[in-house]
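User: I have this model open beside its sequence. Please walk me through how it is put together, one question at a time.

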Amino acid sequence: MTTELSAATFKLADKAALSPAQQQLETNLLTFIREHRNGPKTGLFVIHGDAGTGKSAVLAAAFSQLQALSRSKTPNDLQGTENYLVVNHNEMLKIYKRLAGDDPDLRKKDFQKPTPLINRLAKTNKQADVVFIDEAHLLLTQPDRYNKFTEQNQLTELIKHSRVVVLVFDPHQVLKLKSYWQNTDLAPFLAQYPHQSFNLDDQFRVTGNAGVVNWIDQFTQGQLLPKPQDDQFDFRIFADGQPMYDLIRQRDHAVSLSRLVATADFPYVVNHGTWYVTAGTLKLPWDKVNLTDDPWALRPETLNEVGSIYTIQGFDLNYAGVILGPSVGYDVETESIVVHPDRYEDQEAFKKRDDLGSLTPLQTKIIFNSINVLMKRGRYGLYLYAVDPVLRQRLLAL
């Protein structure tokens with residue numbers, strides 16, 4: 001596994017890289033699987049944790065260990081089990097499949113998107129032994145013809161076709177109404193099935209101190225705190241996007257994995273087939289459709305693009321330059337961060353849901369969730385530029 005690849009995501013099944021809390025979680029997971037695999041009802045194991053708390057790392061390590069036991073020639077209680085790891089995220093699926101090539105106990109077919117797996121298990125009337133679900137907050141909560149999902153809820157269907165389900169869940173990373181989840185939405189599932197939960201609290205990605213993480217958390221709740229001081233974490237605010245981009249290029253040249261990302265606020269204007277993001281004097285294209293097997297952040301040419309939540313969610317960067325688009329502003333009277341759903345250009349995210357009541361609070365939550373995802377990408381530094389002039393001046397005044 002290359003240094004760049006492992007830095008971009010996590011070291012698959014590297015127990016030495018797991019914290020004591022993560023190692024305890026891995027042990028608990030495998031114990032739960034053994035106890036519930038042959039039970040009368042599907043067992044549910046829920047992993048909670050904010051962006052950057054190492055949920056995917058421990059999930060990958062536990063899944064690798066499970067598959068090693070399943071494929072072992074030495075008899076054991078999990079030998080011959082049929083297990084899958086699913087994720088409803090194309091770029092993360094690429095990472096899992098790529099990492100599978102470095103682990104003798106894993107196969108690319110072990111990693112699936114939820115709809116194809118659900119449809120195949122339903123068609124063959126089979127039950128998987130264990131299904132791991134990374135980013136379970138991205139599972140669909142309504143039918144989606146485009147993705148060929150005709151049932152009502154993907155988690156319901158995966159439980160129906162599995163003996164044990166292990167899911168990673170963070171409602172602060174829900175990015176679309178069609179996969180809208182709240183913490184309480186898990187309650188009906190937990191009431192029906194034997195279950196166990198585990199919460200990961202330690203921040204492993206953002207190396208900044210507690211003040212930096214708290215600043216981001218408060219920002220995504222509408223509050224603007226004084227700029228935190230941390231000699232070990234490079235946190236800067238820019239008056240223009242071009243100097244921020246220049247610094248990102250320098251960082252990428254020095255340590256790699258440094259990229260610009262932005263909120264989905266820039267209207268599509270046909271210009272020789274390219275969709276641009278503007279940040280002051282800076283003008284760069286959005287991330288293009290990626291048909292390769294390489295995740296967006298690992299392709300050198302993407303240094304000349306601006307990433308989105310859909311290409312960067314779940315990944316580590318060394319340095320992240322975040323462009324806050326026109327939907328993110330500042331209310332001088334209330335001294336708070338405000339968002340404007342009418343200026344958010346991700347129309348797919350706000351596809352109408354008649355069953356959710358008033359959508360404006362949910363749309364607001366989705367925009368703040370997207371900001372949370374973007375701001376927690378950088379391990380060693382976060383750079384910010386706000387398109388809205390009032391917010392920009394307020395940030396610079398910090």
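User: Which residue in S5 stands opposite Gly43?
Analyst: The residue opposite Gly43 sits in S5. This is a predicted model, in which local features need pLDDT of at least 70 and side-chain atom pairs count only at pLDDT 80 or more, while totals for chains, interfaces and linings use all residues. Residues are numbered from 1 along each chain as its sequence is written, and side-chain values use heavy atoms, leaving out hydrogens and water. S1 and S5 (residues 162-169) pair in the parallel sense over six bridges (strands are DSSP E runs of at least two residues, and pairing takes at least two DSSP bridges), and the residue facing Gly43 is Val164.

User: How many residues of strand S1 are buried?
Analyst: Gly43, Phe45, Ile47 and Gly49 point one way from S1, with Leu44, Val46 and His48 pointing the other way. In a regular strand, side chains alternate between the two faces of the sheet. Strand S1 (residues 43-49) is largely enclosed by the rest of the structure, because the number of its residues that are buried (under 20% relative accessible area; 1.4 Å probe, protein chains only) is seven of the seven.

User: What is the order of the six strands in the open sheet?
Analyst: S1 is also joined to S6 (residues 195-200), running parallel, by six bridges. Across that pairing Gly49 stands opposite Leu200, and Ile47 has Phe198 as its bridge partner. The pairing in this sheet is parallel, and the order is S3-S2-S4-S5-S1-S6.

User: Which are the edge strands?
Analyst: An edge strand here pairs on one side only.

User: About how many degrees does the direction of helix H2 make with that of S6?
Analyst: H2 (residues 20-36; helices are DSSP H or I runs of at least four residues) packs on the sheet, touching S1, S4 (128-134), S5 and S6. With axes fitted to C-alpha atoms over the stretch in contact, and angles running from 0 to 180 degrees between N-to-C directions, the angle is about 170 degrees.

User: Which residue in S12 stands opposite Ser258?
Analyst: Ser258 lies in strand S8 (residues 258-262) and counts as buried because its relative accessibility is 0%. Beyond its neighbours within four places in sequence, Ser258 is in contact (heavy atoms within 4.5 Å) with residues including Ile248, Arg251 and Leu303. S8 pairs with S12 (residues 317-324) in the parallel sense over five bridges, and opposite Ser258 stands Tyr319.

User: At what distance from the ring centre of Tyr319 does Arg251 lie?
Analyst: Arg251 is over the face of Tyr319; the criterion is Lys NZ or Arg CZ within 6 Å of the ring centre and within 35 degrees of the ring normal. Lys283 likewise lies over the face of Tyr276, at 4.7 Å from the ring centre. For Arg251 and Tyr319 the value is 4.5 Å.

Notes:
Buried means under 20% relative accessible area, exposed over 50%, partly exposed in between (1.4 Å probe, protein chains only).
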